[in-house]
Amino acid sequence: MSQNGLEYGYCQKYNKKILLDENAECVHPREYCKFRPSCLINELGKENRRRKRAAEAHAPSLGTLHGVGVGPGDPAMITLQAVERLKKLDIIFASKKAGVEESIAHTVAKPHLPPAAEVRFLEFEATYDREAFDAQWAKNAKVVLEALKSGKDCGYITLGDPSLYSTFSHLARNLRKMEPAVRLEIIPGVSMVTAAANLLNVPLAIDGESLTLIPSAQVAPAHLRDLLRDSDNLVFMKIPSDAQELIKSLEAEGLLHHAIWIQKCCLPGQRVVKELNHEALEEEQERYLSLMIVKKKGMV
Ligand SMILES: C[S@@+](CC[C@H](N)C(=O)[O-])C[C@H]1O[C@@H](n2cnc3c(N)ncnc32)[C@H](O)[C@@H]1O
Ligand code: SF4
């Protein structure tokens with residue numbers, strides 16, 4: 001399967017279906033083809049060849065990075081596959097916000113780790129300054145790359161699932177930039193989104209309904225208004241420390257009473273706030289470990 005998850009591509013010149021695995025290639029790379037500039041098969045073929053060359057140069061010594069989703073926070077909600085994998089790794093990396101004592105992903109994974117497991121922490125500051133954020137993850141990727149170059153198989157544990165707003169993606173992107181031969185294996189985890197919906201006993205979406213995930217702190221008010229109008233169901237993550245704007249937008253669209261705020265889902269201190277209003281928001285302190293589910297057709 002290709003990096004973007006597609007299984008097959010279509011060669012438009014020769015009307016052919018092509019399997020998009022690590023052997024995918026343009027049907028006739030040396031022939032002129034007017035579709036080439038936008039052809040996924042051709043692009044993927046180039047990328048595969050580049051990876052193979054790099055892998056051949058480093059293969060004997062380079063370890064694999066395993067991105068392991070540990071689930072929403074309850075150690076019982078980590079998958080068997082994740083537990084098995086964690087036992088086999090030489091080094092386990094976990095990220096930790098600068099100045100914060102614990103890594104929640106580590107707290108979740110800890111009961112499943114062998115007593116002698118080597119755990120290393122990667123620090124980062126939560127910032128929306130793209131350059132500063134990238135620089136931190138480039139620095140962290142260097143540390144992980146050193147470990148991989150020494151032939152160690154490494155893991156990076158992340159809350160929820162590695163494919164959803166996870167720092168794992170920033171680590172993986174920077175690693176690949178530094179060393180295209182890096183091999184990645186990803187173990188899915190139960191996401192906060194599905195864990196929270198199931199906690200509330202509500203379907204996230206049914207039949208033909210749409211579902212939109214919104215990183216609230218990074219969406220401009222005008223865009224937010226459009227999203228609120230266009231979606232049947234919404235999940236707000238990354239709720240900003242001043243969430244009054246978000247509440248105002250929900251109010252303006254008549255959706256405040258359709259919103260439920262879930263804090264510390266699957267963690268000690270879990271709370272569900274149903275009657276949302278400005279006052280409730282003032283009283284509640286927990287923002288980072290929280291998300292909001294809005295269902296326009298009601299919570300059934
Ligand atoms: C960096 S994203 C990680 C998402 C994760 N990879 C997943 O699959 O759900 C972090 C966001 O997830 C949500 N989140 C994380 N932990 C949570 C928890 N215990 N309860 C509710 N929401 C949580 C918050 O909205 C937070 O801003
Ligand atoms: S670039 Fe190659 S694979 Fe893509 S359409 Fe043209 S001939 Fe087919």
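Let's start with the shell around ligand 2. By class, this shell has eight nonpolar, three polar and two charged residues. Here Ala, Val, Leu, Ile, Met, Phe, Trp, Tyr, Cys and Pro count as nonpolar, Asp, Glu, Lys and Arg as charged, and the others, Gly among them, as polar. Which residues come nearest to ligand 2? Of the 13 around ligand 2, they are Cys11, Cys26, Cys33, Phe35 and Cys39. To be near, a residue needs its C-beta atom, placed from the backbone, within 6 Å of the molecule.

A word on the source. This is a predicted model, where local features need pLDDT of at least 70 and side-chain atom pairs count only at pLDDT 80 or more, while totals for chains, interfaces and linings use all residues. Residues are numbered from 1 along each chain as its sequence is written, and chains are lettered from A and ligands numbered from 1 in the order in which they are written.

Now the domains. The chain is assigned domain 1 (8-58), domain 2 (64-190) and domain 3 (193-295). These bounds come from an automatic or database domain assignment. Taken over C-alpha atoms, the centres of domain 1 and domain 3 are 42 Å apart.

Next, ligand 1. Its shell draws at least three residues from each of domain 2 and domain 3. Of the 25 residues around ligand 1, Gly160, Ser191, Met192, Met237 and Cys265 come nearest. Which element gives the largest share? Helix H6, with three residues. Helix H6 (192-200) and strand S12 (290-295) each supply at least two. Helices (H or I, at least four residues) and strands (E, at least two) are DSSP runs, numbered from the N terminus. By class, we have 16 nonpolar, six polar and three charged residues around ligand 1.

On to helix H5, residues 167-178. Its buried residues are Thr167, Phe168, Leu171, Ala172, Asn174 and Leu175. Buried means 20 or more other C-beta atoms within 10 Å of a residue's own, exposed means 12 or fewer, and partly exposed is in between, with C-beta atoms placed from the backbone. The buried residues of H5 pack against several elements, including strand S3 (64-69), helix H4 (130-149) and strand S7 (183-187).

Last stop, arginine 271. This residue sits in strand S11 (residues 271-273). Is arginine 271 buried or exposed? Exposed, because 12 other C-beta atoms lie within 10 Å. Leaving out residues up to four places away in sequence, arginine 271 touches Gln263 and Lys264. Contact means C-beta atoms, placed from the backbone, within 7 Å.

Note on methods:
Contact = placed C-beta atoms within 7 Å.
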